[in-house]
Amino acid sequence: MAMLDIRLKRVSKIYKEGDVVSGLVVVQSKGEVQHQGISLVVEGIVNLQLSAKSVGVFEAFYNSIKPIQVLHYPLEIAKPGRLPSGKTEIPFEIPLKPKPGKTLYETYHGVFVNIQYLIRVDMKRSLLNKDLQKQCEFIIEYKDQEERAKAKPVSFTISPETLVNVKEKQNIPRFKVKGKLESSCIQITKPLKGELTVEQCDAPIKSIEIQLVRVETCGCAEGYAKDATEIQNIQIAEGDVCRNLPIPIYMVFPRLFTCPTLSTNNFKVEFEINIVIIFSDDHLVTENFPVKLTRF
């Protein structure tokens, strides 16, 4: 039985446009292996899909969604023949250049938008033997840029008067929370930082949480479908917190589930931060802050 594997020379598997992906295709077997050729292909694909609630609304768009191929590089690494018993290592090098008119976006694993880069190796076998296939994902990040993200501090006050889309404000206890975020424009490799202070609250507090939300938009001429989903939720305070005591806000962005804020003709990936205050009776209030993520 033959085994097929892909080993990249760069352990981190992180590359930038213009880099060369180099590595080895490794074939291991206990006996001689006959094959009909070994091929390798590097692909970068943006997959879009609609949420269940949008399918009926945008039927025409749903049928027109096709994966967007931004990178495609096929390579024959071995002609039909035989491989000896034991381990055979076949080196390869692939330049990372987008298809004409396309852009290499950063790797991103979302719910309705998914940007993935894969190396796939296929070994064709005779009719009596099963073809072998192996694939390996690598990560694309943007090149270094001279223009850096500039800090945009955000100060906020949360009280019954500042809440929107709340019908029965008279049922909300009197409270006042003040705070700040160090910036609404954040380098993705650095954490979200800030602090908040509960100045007044008539009802006991059960929990204070920070949510990171992705807002994914897919669309074309027929219309656009926009969906928000939670990425992570971090509790920064538990119980009826002390009044007038600053509570730090600190959140690290998960690598594959976030990317620099992205906007194209067919899709967008944006991010928001929610500050959620949950009272002891399980009623909650939420304040929303759009944030822009950048690589540099």
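How many bridges join strand S13 to strand S15? Seven, and the two strands run antiparallel. The model described here is predicted.

## Strand S15 and its partners

Strand S13 covers residues 175-181, and strand S15 covers residues 192-201.

## The S1-S3-S8 sheet

Three strands make up an open sheet, ordered S1-S3-S8, with antiparallel pairing. Strand S1 (3-8) and strand S8 (86-95) are the edge strands. Each has a single partner strand, so one side of each lacks a neighbour in the sheet. On average, neighbouring strands of this sheet are turned by 20° against each other, direction ignored.

S1 pairs with strand S3, residues 20-29, through six bridges in the antiparallel sense. Within this part of the sheet, Leu8 is opposite Gly23 in S3.

## Cys185

Cys185 lies in strand S14, which spans residues 185-187. Is Cys185 buried or exposed? Its relative accessible area is 11%. The cut-off for buried is under 20%, so Cys185 counts as buried.

Which residues touch Cys185, leaving aside its neighbours within four places in sequence? They are Ala149, Lys150, Lys152, Lys292 and Thr294. Gly37 is 148 residues from Cys185 along the chain, and the C-alpha atoms of the two are separated by 50 Å.

How values were computed: Residues are numbered from 1 along each chain as its sequence is written. This is a predicted model: local features need pLDDT of at least 70, side-chain atom pairs count only at pLDDT 80 or more; totals for chains, interfaces and linings use all residues. Side-chain values use heavy atoms; hydrogens and water are left out. Helices (H or I, at least four residues) and strands (E, at least two) are DSSP runs, numbered from the N terminus. Buried means under 20% relative accessible area, exposed over 50%, partly exposed in between (1.4 Å probe, protein chains only). Contact means heavy atoms within 4.5 Å. Two strands pair if DSSP finds at least two bridges between them. Axes are lines fitted to C-alpha atoms, for helices over the stretch in contact, and angles run from 0 to 180 degrees between N-to-C directions.
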